[in-house]
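Dear colleague,

Please find the structure below, handed over for your use. My notes on what was found in it follow directly after.

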Amino acid sequence: MARRKGKSPLLIGSFAFFILLLQVLPGIVLAQAPSLPVPQLNTPNYQMSDLQAPQWETPQLEAPQWETPQLEPPGWDTPQLQPPGGDPPPLHAPDGSVPALEPPSGEVPPLRPPNSTIPSLQMPAIELPASQSPGGGVKKLDPAPLKPPSPEPFGETKGYDALKLSFKDVIGGTLGYSAALIEQGEVDLRTGAGKYGGFLLQLGLKGIDIGVKDTPWGNVTGLTLDGLDAKGIYDGYQFILKQNPNALAGNVNAQRSFSNAVNAANTVRVPGIVTGLNVGIAAISLPFDVFDTVTKFDQAFDSSLSQDKQNEKFVDGVGSFGSTLIDAGIIASVIPGGQTVAGVLVVTGAVLWGLSRLVKWSDKLAGGAITRGIREGVSKAVGWVKSIFA
């Protein structure tokens with residue numbers, strides 16, 4: 001990298017001496033503090049004024065002389081009450097008899113049901129068609145047993161997403177960021193900051209995608225991340241092309257090297273570092289892509305899920321399988337004589353991944369009609385093949 005012109009040594013030394021002086025000056029003041037004379041502090045001579053209470057005359061208060069009146073009861077005569085001198089009249093019950101109540105002398109007519117017969121109800125003789133198996137005989141219909149809902153696989157949990165983010169995206173992304181800077185050679189501050197900002201943006205989108213998973217906002221972050229993944233697949237394809245011996249022979253003059261400023265003999269070939277970093281990225285990503293492929297295809301044939309969910313998992317499994325082929329192709333490209341196989345693997349994986357993303361987002365816009373049509377077409381094709389060999 002280009003050597004930057006430094007400041008004047010005199011100016012730097014003066015600034016450093018000034019900083020040192022600021023650090024030492026408080027210690028010098030504290031060391032000379034015991035030898036400083038103690039000042040004599042005298043209190044001022046203030047004259048206190050004589051404060052005396054005023055001569056107040058206290059008035060003599062005496063109770064008033066009230067006259068209490070003498071109250072006497074009035075001379076009223078109390079009347080004498082006497083009972084009247086009459087005898088109470090005798091009270092007698094009336095001389096009446098209670099009339100006897102007798103029922104009428106009529107007879108109650110007997111009630112008889114009408115002379116009619118109740119018709120007997122019988123079921124009509126309806127014959128149900130018997131379901132027969134191809135070999136003859138009646139096929140016994142048994143109710144399908146109810147299966148408890150299967151637990152959520154580990155590949156669909158947020159714990160697995162966080163683990164995948166830590167290794168594949170953080171570690172693998174750091175290696176990819178370093179490989180891009182090394183391959184470019186001399187990098188200025190603006191270019192380095194821009195690449196690092198893009199790396200942090202991709203990590204932030206991955207974290208947001210984990211948080212909004214299975215929500216409408218998940219489609220926005222998922223579509224954005226698929227675009228970034230497509231850029232990564234294209235970079236992997238370019239790496240495979242550079243591993244071709246013919247391409248390497250034409251790019252001999254384009255090879256760069258880094259020199260250690262301390263020891264000029266320690267010189268490292270840039271293509272070797274870039275190759276190792278890209279293979280490391282593929283080696284970190286390969287186990288996660290294989291696990292995602294197995295998990296998605298297992299859910300695609302899980303009867304406890306709806307048909308639309310099974311179709312979605314099958315499409316995701318195809319995309320994960322394509323990423324697995326790309327990782328395997330990048331690793332195989334460093335093996336002597338494996339560049340042709342690596343190219344086939346990367347191209348095949350890129351085609352499968354691209355088709356799966358195209359079908360996934362088109363199917364979301366069509367409301368699941370595309371995957372249902374593909375599933376019905378595959379079922380008919382399988383039935384036609386079975387009929388040929390039957």
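Tyr237 is located in helix α4 (helices, H or I, of at least four residues and strands, E, of at least two are DSSP runs, numbered from the N terminus). With a relative accessible area of 35%, Tyr237 is partly exposed; buried means under 20% relative accessible area, exposed over 50%, and partly exposed in between, with a 1.4 Å probe and protein chains only.

Two points on the source apply throughout. The model is predicted, so that local features need pLDDT of at least 70 and side-chain atom pairs count only at pLDDT 80 or more, while totals for chains, interfaces and linings use all residues. Residues are numbered from 1 along each chain as its sequence is written, and side-chain values use heavy atoms, with hydrogens and water left out.

Overall architecture

The protein chain has nine helices and two strands, and from the N terminus on its elements run α-α-α-α-α-β-β-α-α-α-α. Of its 390 residues, 19% are buried. The accessible surface comes to about 32100 Å², and carbon and sulfur atoms account for 64% of that surface; accessible areas come from the Shrake-Rupley method with a 1.4 Å probe, and for residues only the protein chains shown count as cover. Among contacts between residues at least 6 apart in sequence, 65% join residues at least 24 apart, a contact being heavy atoms within 4.5 Å.

Nonpolar patch and core

Tyr237 also belongs to a nonpolar surface patch of about 650 Å², together with Tyr234, Leu241, Val347, Val351, Leu355 and Leu358. Two or more residues of this patch come from each of α4 and α8, and α8 gives the most, with four residues. Patches are made of residues with over 30% relative accessible area and no salt bridge, like charges being joined within 9 Å and nonpolar side chains (Val, Leu, Ile, Met, Phe, Trp, Tyr) within 5 Å.

The largest nonpolar core consists of ten residues: Ile233, Phe239, Ile240, Ala282, Ile326, Ile330, Ala332, Ala342, Val346 and Trp353. At least two residues of this core are supplied by each of α4 (216-242), α7 (307-332) and α8 (339-366). A nonpolar core is a set of buried Ala, Val, Leu, Ile, Met, Phe, Trp, Tyr and Cys residues joined through side-chain atoms within 4.5 Å. In soluble globular proteins, nonpolar side chains tend to be buried together. Leaving aside residues up to four places away in sequence, Ala342 touches Ile240, Gly329, Ala332 and Ser333.

Salt bridges

There are 14 salt bridges in the structure, each defined as a side-chain nitrogen of Lys or Arg within 4 Å of a carboxyl oxygen of Asp or Glu. One of them joins the side chains of Lys168 and Asp289 (3.0 Å, N to O). Lys168 lies in helix α2 (residues 158-184) and Asp289 in helix α6 (residues 270-300), so this pair ties together parts that are 121 residues apart in sequence. Lys168 is partly exposed at 23% relative accessibility, whereas Asp289 is buried at 4%.

Asp169 forms a salt bridge with Lys206, with the closest N and O atoms 2.8 Å apart. This pair links Asp169 in helix α2 to Lys206 in helix α3 (residues 189-211), 37 residues apart. Asp169 is buried, with a relative accessible area of 15%, and Lys206 is buried with a value of 15%.

Within helix α7, Glu312 and Lys309 are three residues apart, which means a separation of about one helical turn. Their side chains meet in a salt bridge (4.0 Å, N to O). Glu312 is partly exposed at 27% relative accessible area, and Lys309 is partly exposed at 30%.

Which residues are linked in a network of salt bridges? They are Glu156, Asp161, Lys213, Lys296 and Lys313. Lys313 is in helix α7 and is buried, with a relative accessible area of 7%. Its side chain makes a polar contact with the side chain of Glu156 (3.2 Å); a polar contact is a pair of N or O atoms within 3.5 Å, where within protein one must be able to donate a hydrogen and the other to accept it, and residues adjacent in sequence count only if both atoms are side-chain atoms. Not counting residues up to four places away in sequence, Lys313 touches Glu156, Lys296, Gln299 and Ala300.

A backbone detail

Asp214 sits in the loop between α3 and α4. Its phi is near 60°, a positive value in a residue other than glycine. Asp214 is exposed, with a relative accessible area of 70%.

With kind regards
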